[in-house]
Amino acid sequence: QVQFVESGGGLVQPGGSLRLSCAASGSIRSIYAMGWYRQAPGKQREWVAIITDLGTTNYRNTVKGRFTISRDNAKNMVYLQMISLKPEDTAVYYCNGLGGYQVDWGQGTQVTVSS
């Protein structure tokens with residue numbers, strides 16, 4: 001079973017940028033869709049962005065135009081480029097496969113947007 005390890009989070013000022021990385025322990029070539037999720041304190045985990053094996057993307061309305069999801073199947077990596085970050089983006093960010101490719105959640109990576 002493929003597992004995912006997130007990295008790249010940190011503390012950034014409002015308006016700043018971060019790029020998150022998701023390293024898979026095995027091939028993601030055949031995973032039809034990968035997604036990024038986030039969970040803020042006291043809130044449920046929410047879907048942020050999705051990318052299919054064909055490169056089709058979709059985004060949560062609150063991040064559309066600011067976040068870009070991408071995948072590199074040759075490197076078994078998924079990325080989330082985030083710009084114009086807002087305090088409301090503060091959360092632990094996770095990656096995972098969709099549908100039958102979903103596995104146990106990892107530790108995620110903390111993103112804190114604050115002055």
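This is a predicted model: local features need pLDDT of at least 70, side-chain atom pairs count only at pLDDT 80 or more; totals for chains, interfaces and linings use all residues.
Zooming out, both strands are part of an open sheet of six strands, ordered 2-10-9-4-5-6, with mixed pairing. The edges are taken by strand 2 (10-12) and strand 6 (57-59); each has a single partner strand, so one side of each goes without a neighbour in the sheet. From one strand to the next, the twist averages 20 degrees.

The other open sheet is built from four strands in the order 1-3-8-7, and here the pairing is antiparallel. Strand 1 (4-7) and strand 7 (67-72) are at its edges, each with a single partner strand, so one side of each is again left open in the sheet. Neighbouring strands are turned against each other by 15 degrees on average, ignoring direction.

With a relative accessible area of 25%, D72 comes out as partly exposed, because it falls between the 20% and 50% cut-offs. Leaving aside residues up to four places away in sequence, D72 touches I28, M77 and Y79. Its side chain also gets to the backbone nitrogen of A74, at 3.2 Å. As for V111, 39 residues from D72 along the chain, the two C-alpha atoms are 22 Å apart.

Turning to the aromatic rings, the model has three aromatic pairs. One of them joins Y37 and W105 edge-to-face, at 5.0 Å centre to centre and with 80 degrees between the planes. Y37 is in strand 4 (residues 33-39) while W105 is in the loop between strand 9 and strand 10, so this pair ties together parts 68 residues apart in sequence. Y37 counts as buried at 11% relative accessibility, because that is under 20%, whereas W105, at 30%, is partly exposed. W105 also pairs edge-to-face with Y94, this time at 5.9 Å centre to centre and 75 degrees between the planes. Here the link is between Y94 in strand 9 and W105 in the loop between strand 9 and strand 10, 11 residues apart. Y94 is buried, its relative accessible area being 10%.

Put together, Y37, Y94 and W105 make up one aromatic cluster.

Note on methods
Residues are numbered from 1 along each chain as its sequence is written. Side-chain values use heavy atoms; hydrogens and water are left out. Two strands pair if DSSP finds at least two bridges between them. Helices (H or I, at least four residues) and strands (E, at least two) are DSSP runs, numbered from the N terminus. Axes are lines fitted to C-alpha atoms, for helices over the stretch in contact, and angles run from 0 to 180 degrees between N-to-C directions. Buried means under 20% relative accessible area, exposed over 50%, partly exposed in between (1.4 Å probe, protein chains only). Contact means heavy atoms within 4.5 Å. A polar contact is a pair of N or O atoms within 3.5 Å; within protein, one must be able to donate a hydrogen and the other to accept it, and residues adjacent in sequence count only if both atoms are side-chain atoms. Rings of Phe, Tyr and Trp (its six-membered ring) pair if their centres lie within 6.5 Å; planes under 30 degrees apart count as stacked, over 60 as edge-to-face and the rest as tilted.
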